Amino acid sequence: MKKRTLLSMAMVATMTVATFAGCGGSREGTTEETATTETEATTEEASADTAATADMPGFEEGATIGISLPWLGTQNWKEAEEMFTTQLEEAGYTPLVQAADNKVTQQQQQIESMIENGAKVIVVGPVDGSQLGSVLEQAKEAGVYVIGYDRLLENTTGVDGVVQFGSVKTGELQAQALLQGLEEQKGEAPYNIELFGGGPADPNAPNFFKGAMSVLQPKIDDGTLVVVSGQTDFTQCATVDWDNAKAQSRMDSLLSGFYSDKEIDGVLCPNDGIARACITSCENAGQDIPVVSGLDAENESVEWVWQGRQYSTVAKPTEDLVAKTIEIIDSLQAGNGMPATEVTADNGVIEVPVYELPPVVVTKDNEKEVFANDPSRLELLK
């Protein structure tokens, strides 16, 4: 009897030691039942709170921030260069701002240089969103955060997020404005129109076109709109490099080939430069000015909208894009990671967080309201 009692006490002691050993924090040699303790639960809660930022450490104040722009050939990119330089300095960073003259190889080299110069964040407005995967992955391996600016960075894991205006929504607004202008200015349907797209290397361009066609295609199908040339596919309508001269040359050809005895009523144009090129072509051909859409609210087109030469543009304020980008940089610098967003885009490899801002259609009727807080553009409306 005494032996049984001693044996029982020894077993209890052994179980007690085993239990305390299981509570010591090591998960090796423990069962699932004994692995979770109150201490571990607390640790797991803390880990959950920091999981989103655990692999996104902050960095020092005054850090170098690289800004890689595709070119400075339009007003919005010139504005971005100036605003990033000024506002990053004001925020206490060291800006390294470069433009690639629409050359992919040059942009790759510039990004490599930014990595070598110790940039903690590189903001990239790509020349071609699908051609930077290798160098962006180099940046990721070096611990650099990468933010796409205005355009999606495709086919790469080396991107943490993208800041842009909704590109499909922008196309929808352009098409809706075109329809509104046709109804206001060109009498009853049917209306003869032509379609232009942006540069095929820009991932936004097909999305602009997609959004526009979601509005226009039903009107083409029911006969309200007639694309006289029959060119309705993006590949037919795209404008390589967003080149205004190429757009004007195509418009010249369309007019001479299909409108010698017809009036053109409207043109879907993906940005203001192409809009002005198409309007100029129509004027040179002796056509009445058609209803023409646009994008970017460039100063010259803001004036043309006010004068009635261009029917509409879409405002995507550069200052809003830059401000949102710097807000994200501040979050990364503080060690808070990328801000939360419910919007993502499939870049062909990963789902990329998208920080999407709302574009605004601009016509003569609402121009002063849209630019009420923009003295430089208000000055143009005289």
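# Chatting through the fold

Q: How many helices and strands are there in the protein?
A: There are 15 helices and 13 strands in the protein. Keep in mind that this is a predicted model.

Q: OK, and how much of the protein is buried?
A: Of the 382 residues, 47% are buried.

Q: What about contacts between residues at least 6 apart in sequence, what share join residues at least 24 apart?
A: That share is 70%.

Q: Let's do sheets. What's the strand order in the open sheet of seven strands?
A: Reading across, the order is β2-β1-β3-β4-β5-β12-β11, and the pairing is mixed.

Q: Which strands stand at the edges there?
A: Those are β2 and β11, the latter being residues 344–346. Each has a single partner strand, so one side of each is left without a neighbour in the sheet.

Q: And how much is the twist from one strand to the next?
A: The twist averages 25 degrees.

Q: Zoom in on β1. Which residues is that, and how many of them are buried?
A: Strand β1 covers residues 64–69, and six of its six residues are buried.

Q: Which ones sit on which side?
A: Thr 64, Gly 66 and Ser 68 are on one side, with Ile 65, Ile 67 and Leu 69 on the other. Both faces of β1 are covered. As background, side chains in a regular strand alternate between the two faces of the sheet.

Q: How many bridges join β1 to β2?
A: Six, and β1 runs parallel to β2, which is residues 94–99.

Q: What do β1, α4 and β2 make together?
A: They make a β-α-β unit, and the unit is right-handed.

Q: While we're on α4, at what angle do α4 and α13 pack?
A: Helix α4 (residues 75–90) and helix α13 (residues 318–333) pack at about 40 degrees, and their axes are 9 Å apart. That angle is why α4 counts as oblique to α13. The crossing of α4 and α13 is right-handed.

Q: Which residues make the contact?
A: On the α4 side they include Asn 76, Ala 80, Met 83 and Phe 84. From α13, among them are Thr 318, Val 322, Ile 326 and Ile 329.

Q: Switching over: what's the order in the open sheet of four strands?
A: The order is β7-β6-β8-β9, with parallel pairing. The edge strands are β7 and β9 (291–292), and each pairs on one side only.

Q: Tell me about β6. How many of its residues are buried?
A: Five of the five residues in β6 (residues 191–195) are buried. Tyr 191, Ile 193 and Leu 195 point one way, while Asn 192 and Glu 194 point the other way.

Q: What stands opposite Asn 192?
A: Val 226 in β7 does. Three bridges join β6 to β7 (residues 225–227), and the two run parallel. Along with helix α8 (residues 204–221), β6 and β7 make a right-handed β-α-β unit.

Q: And where in β8 is the bridge partner of Leu 195?
A: At Leu 268. Strand β8 is residues 266–268, and three bridges join β6 to β8.

Q: Helix time again. Which residues of α12 are buried?
A: In α12 (residues 299–307), they are Ser 301, Val 302, Trp 304, Val 305 and Trp 306. What covers them includes α11, β10, β13, α14 and α15.

Q: What comes after α12?
A: Gly 308 follows α12, and the phi of Gly 308 is positive, near 90 degrees.

Q: Last one: where does Ser 249 lie?
A: Ser 249 lies in helix α10 (residues 244–258). Ser 249 counts as partly exposed because its relative accessibility is 42%.

Note on methods. Residues numbered from 1 in each chain as written. Predicted model: local features only at pLDDT ≥ 70, side-chain atom pairs only at ≥ 80, totals over all residues. Heavy atoms only, no water. Buried < 20%, exposed > 50% of the residue type's maximum accessible area, 1.4 Å probe, protein only. Pairing = 2+ DSSP bridges. Right-handed = clockwise from strand over helix to strand, strands pointing away. Contact = heavy atoms within 4.5 Å. Axes fitted to C-alpha atoms, helices over the stretch in contact; angles between N-to-C directions. Parallel < 35°, antiparallel > 145°, perpendicular 65-115°, else oblique. Left-handed = near helix turned anticlockwise from the far one by under 90°.
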